[in-house]
Amino acid sequence: MNAVIQILSGLTIGCIYGLVALGFSMIFRAMGLVNFAQGDIMMLGGFLGYTALSIAPELPFVFILVIAMIATGLFGFVIERVAYRPALKRNADQIYLVLLTLGIGIVLANAARLFWGANPVVYKIPLTFDIVHVGGYPLPRVYFYIVGFMTLTIIALNLLFTKTWTGLALRAVSQDPTTSRLMGIDPGRSSSVAFVIASMLGAAAGVLYAPLFYVSFDMGAVGLKAFAAAIIGSLGSVFGAVVGGLIVGLAETIGGQIIGTEFQDSIAFAVMIAVLLLRPQGLFAQNRRVA
Amino acid sequence: MTSLSIQNAAAGYGHTLVLRDVSLEIPEGEVVCLLGANGAGKTTLIRVLSGLLPLKSGSIKLGGDDISRLDPISIVSRGVATVPEGRRIFPDLTVRENLQIGAYHRRRSYAGTNELDFAFEMFPRLKERADQMGGTLSGGEQQMLAIGRALMSKPKTLLLDEPSMGLAPILIQTVFETIAQLSRTGITILLVEQNAAAALDVASHGYVLDRGEISLHGRADDLKADPRVQESYLGLA
Ligand SMILES: Nc1ncnc2c1ncn2[C@@H]1O[C@H](COP(=O)(O)OP(=O)(O)OP(=O)(O)O)[C@@H](O)[C@H]1O
Ligand SMILES: [Mg+2]
């Protein structure tokens, strides 16, 4: 009985990692850039949701989620325009780009600390304490929101990539930006779209994570585990990001039970190292086509 | 009049000039071929015409309009499509998607998958392979796909960069037949080729690019008879 709950909670937290990992992969595909600020984007989303809640405590959770996603999406749009794209245009070295994304993450974390304080905040809403019983197992209601959101995200991304011009353009640009321009595609627009989507998914992860745990300026570290998840599933693969997230979530929850929760945080990276030793390109490198 | 012309063009990469003073005209509805040795600057000229590479000086005219400063998006929207050197098929898009993306600039008027029918009629092989990834096609099939993709934009002018490169003789023949067929539909064509004999057969006019400058130009028949062309490009002594 306890094992079932462990597995379900592992899969749920895995969905959170998967959402952030999707952001890593989308941006990597679109711009060839590893955006280490992705975890801090998640934090920003969590805090924006918190602020929305404190302004309008009666607002249904779904609205909080949407508001945080839109606001963070706008933020991602601006950051891409003023910071990343100019640096890429100037052909900045990969090492500077990595530092740039790390720097933006640090600035974000510190700004959040200034603005929202150094102490973790919790969402004071019924959802935080709401337990439902399914087949005799007590489960937090937010689990269902998380899994539901992940399912919708996978469906939406699939439709985007296969059924829309925007998605087709995203894929074309990630394969060959120059030839894409000959087709009349603006690669800059594709990178905007990728950043906005990645930021929105990160924000959703932050808001969905909050009722289970808390929001805090230093939770960008969660993003690093999501990075491990994206690597496990092959950076750039949408399908791989989701599966990588679930693997990390499960391994960490179950492994934490076996070897002690104090080692839990290192498990994501242990799994990543193990996968990379056996399969340096990650698990889904063949599957460069989207999901 | 939608003839495409370039006047006194200079262009290059960084500080090195690859094209020095190139002038060339492609009259509406005609096939003009551009010959030249490896490294002469033929692909560079195609990049300039398609908007990928900015001119350092000179001008490009399409019909009566100056298009010298336009980006590739505006140029393809004005009906100039490119079949780039090396085909440049999107390897992880299906054949169908590779064709569809050719219509990207006119996506608002795109009428759905039946728009692909003409490409499939023209190149039946592509229809058999419609759901296969572009990267899994043979060289010849990829060339058909690159031409089909360019045609999906409904171009009035087509820039072809060495479409016969790396193909077996039988396929080379198919490519040139396709070009002749396209020309009969009224499309204006600039054809860059190493295969000078076949190119001069299908073209009405030809230019020879030599280290960034036009060294010869004239009617295709006259070029075929020109001893300099015969020696350097037709392999006749
Ligand atoms: N991206 C680039 N950066 C710097 N130099 C370049 C670049 N592309 C081409 N060049 C140089 O410009 C010159 C002309 O190249 P271009 O590709 O236009 O020749 P080409 O006539 O198309 O040759 P080929 O028949 O081999 O295709 C060459 O000397 C080449 O080295
Ligand atoms: Mg060339």
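The legends below describe close-up views of a predicted model.

**View 1**
Strand S1(A) covers residues 131-134, and strand S2(A) covers residues 137-140. The two strands run antiparallel and are joined by 4 bridges. One of the residues to look for is Val134(A), whose bridge partner in S2(A) is Tyr137(A).

**View 1. The largest pocket is lined by 16 residues.**
The space in this largest pocket is about 440 Å³. Nearest the centre of the pocket lie Arg85(A), Lys89(A), Pro177(A), Pro187(A) and Gly188(A). Several helices of chain A each supply at least two residues of the lining: H1 (2-31), H3 (61-89), H6 (165-175), H7 (177-182) and H8 (187-209). By residue type, the lining of the largest pocket divides into 6 nonpolar, 5 polar and 5 charged residues. Rolling a probe the size of a water molecule over the atoms shows where empty space is left.

**View 2. Side chains of chain B place polar atoms by ligand 1.**
In Lys42(B), a polar side-chain atom lies 2.7 Å from an oxygen atom of ligand 1. For Asn38(B), the distance from an N or O atom of the side chain to an oxygen atom of ligand 1 is 2.9 Å. Tyr13(B) has a polar side-chain atom 3.4 Å from a nitrogen atom of the ligand. Taken alone, ligand 1 exposes 630 Å², and the protein buries 60% of that.

**View 3. Chain B contains an open sheet of 4 strands.**
The order of the strands is S2-S1-S4-S5 (chain B), and their pairing is antiparallel. The edge strands are S2(B), residues 16-26, and S5(B), residues 65-66, each of which pairs on one side only. In a regular strand the side chains alternate between the two faces of the sheet.

**View 4. Strands S1 and S4 of chain B are joined by 5 bridges.**
S1(B) spans residues 4-13 and S4(B) spans residues 57-62. These strands run antiparallel. Which residue in S4(B) does Gln7(B) stand opposite? The residue is Ser59(B).

Definitions and conventions:
Residues numbered from 1 in each chain as written. Chains lettered and ligands numbered in written order. Predicted model: local features only at pLDDT ≥ 70, side-chain atom pairs only at ≥ 80, totals over all residues. Heavy atoms only, no water. Pairing = 2+ DSSP bridges. 1 Å grid on protein atoms, 1.4 Å probe; cavity = no way out; pocket = protein on both sides within 12 Å on 5 of 7 lines; lining within 4 Å. Points joined across faces, edges and corners; volume = space filled by probe spheres on them. Nonpolar A, V, L, I, M, F, W, Y, C, P; charged D, E, K, R; others polar. Polar contact = N/O pair within 3.5 Å; in protein donor to acceptor, adjacent residues only side chain to side chain. Areas by Shrake-Rupley, 256 points an atom, 1.4 Å probe, with all protein chains shown as cover.
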